[in-house]
Structure formats: structure tokens, C-alpha cells
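Student: I would like to learn how to read the surface and the charged pairs of a protein model. Could you take me through one, feature by feature?

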Amino acid sequence: MLEQVGLHLNSLRRFPRLYPHNERLEAAMVDVYRIIFRFCTDARNVFKKVSDKKVCQKGMIGLRSMIKLVWKPFKAQFGDLRADLSTAMEQVSTEVEIAEKEEAHAERERADKERRAQASRWGKTEHTHQKLESFFDEQSIQKVDKWLDPVNFENNHDAAVKLRHQGTGNWFLNGEAFKDWLDHDNSFLWLHAIPGA
């Protein structure tokens, strides 16, 4: 019985760390501790009765005889406690199995929730990608690239010169205001007109 109690205590001490918030397991473990406490109290009383006898004090019997005297009432007295302890430990084992299944179920739910969240994020990314692909076809991208290219001033100047009429703007270039502005340093020339003039 003592060996059985030692084995049970060894396994019981691990469960609170493994399943800290399981009230049903805690209640089953309390039952086991109560039975062990009852066993210890009753065992102490049995040994106390034997030690109270004058026979042991005078050393008239040996250790072997004393164990035989104590052992017979021990088996008869603690048989029920042994059965109660086995039943209580079976209940603890059942609660541990249930706790393991609950923890595994909770972990599967967390993993499933994470998979759904990742699938949702991936779906949103795919949807955005499809929108962008439908918005930007190859021609549109080439038009935007061309529009963003740096301005080619030489081509623009050549095109404007071809459109110019002979003698246009000579009145301004030969005018007194332009010549005065050209001859003096730090001078300014104010031109105002409608756009494109």
C-alpha cells in the first residue's frame, strides 16, 4: 500500500502543471489526497496501538513478530481504503484523458481558426491581384510608361518649328523692349498674354 501511495503521489504532482485550470481533475485529485490522508491517519493509529502495548517496550518480541502482529489488522482495516484509492485514481486517469482530449480539441480549433484567417488573407490578396490585372492590361501599361517617360525637348522643338509661319514673332525680337532687356544686366522683361500666344 505504501508503494502504491508513493507511485500515485509521484504522478499526481505533475498534473497541476500540465492542466492548471481543470477543476474536475482538481476535485478528483483532492479525493485521492483525502484517501491518502485517511490512510496515513489510520496507519498511525494502528502502529500507535501496537507501540502502546508493554510487550514492545520491554523488547520481548522481535521486529518480525511485531510486523506480523501489525500486518494482520492492517490488511483487514485498510482493504476498503485500498479499493477507494484505486477507484479515485481511476477517476483521476479518466479526467486526465478527458483533459488531454479537451486540450487537443482546443489546439485543433486554434489551428483551424489560423488556417481560415490565412485563407481569408490569401483570398483578399488574390482578389486585389485580379483587380489590378484587369485594370492594367499591356496597352495601358505601355501608355502610362510613355506618359511617364522624360520629355524629349528636341523633338518638341522640331515639331514646333515646322508649325511656325515665316516671320512670326519678328516684331517682338526686333522691338525696343526686347533689345533693351538683352543689353542690360540684371534687367527683367515682363510678358503677358493669353495662353498659347
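Student: Is Leu132 buried, partly exposed or exposed?

Tutor: Buried means under 20% relative accessible area, exposed means over 50%, and partly exposed lies in between, with a 1.4 Å probe and protein chains only. Leu132 has a relative accessibility of 46%, so this residue counts as partly exposed. Please keep in mind that this is a predicted model, in which local features need pLDDT of at least 70 and side-chain atom pairs count only at pLDDT 80 or more, while totals for chains, interfaces and linings use all residues. Residues are numbered from 1 along each chain as its sequence is written, and side-chain values use heavy atoms, with hydrogens and water left out.

Student: Which residues form the negative patch?

Tutor: Asp and Glu count as negative and Lys and Arg as positive, while His and the chain ends are not counted; the place of a charge is taken as NZ of Lys, CZ of Arg, CG of Asp or CD of Glu. The negative patch on this surface is formed by Glu97, Glu100, Glu102 and Glu103. Glu102 lies in helix 5, and its relative accessible area of 47% makes this residue partly exposed.

Student: How many salt bridges does the structure hold?

Tutor: Side chains of opposite charge can pair when their charged atoms come close. A salt bridge is a side-chain nitrogen of Lys or Arg within 4 Å of a carboxyl oxygen of Asp or Glu, and the structure holds six of them. One of these joins Glu107 and Arg110 at 2.6 Å from N to O; because they are three residues apart in helix 5, about one helical turn separates them. Glu107 is partly exposed at 43% relative accessibility.

Student: Which residues are linked in a network of salt bridges?

Tutor: The network links Asp112, Arg115 and Arg116. Between Asp112 and Arg115 the closest N and O atoms are 3.8 Å apart, and these two residues of helix 5 are again three residues apart, about one helical turn. Asp112 is partly exposed, with a relative accessible area of 30%.

Student: What does Asp31 form a salt bridge with?

Tutor: Asp31 pairs with Arg34, and their closest N and O atoms are 3.6 Å apart. Both lie in helix 3 (residues 23–52), three residues apart, but Asp31 is partly exposed at 38%, whereas Arg34 is exposed at 55%.

Student: How many helices and strands does the chain have, and how much of the chain is buried?

Tutor: The chain has nine helices and zero strands, and buried residues make up 15% of its 197 residues.

Conventions. Helices (H or I, at least four residues) and strands (E, at least two) are DSSP runs, numbered from the N terminus. Patches are made of residues with over 30% relative accessible area and no salt bridge: like charges are joined within 9 Å, nonpolar side chains (Val, Leu, Ile, Met, Phe, Trp, Tyr) within 5 Å. Accessible areas come from the Shrake-Rupley method with a 1.4 Å probe; for residues, only the protein chains shown count as cover.
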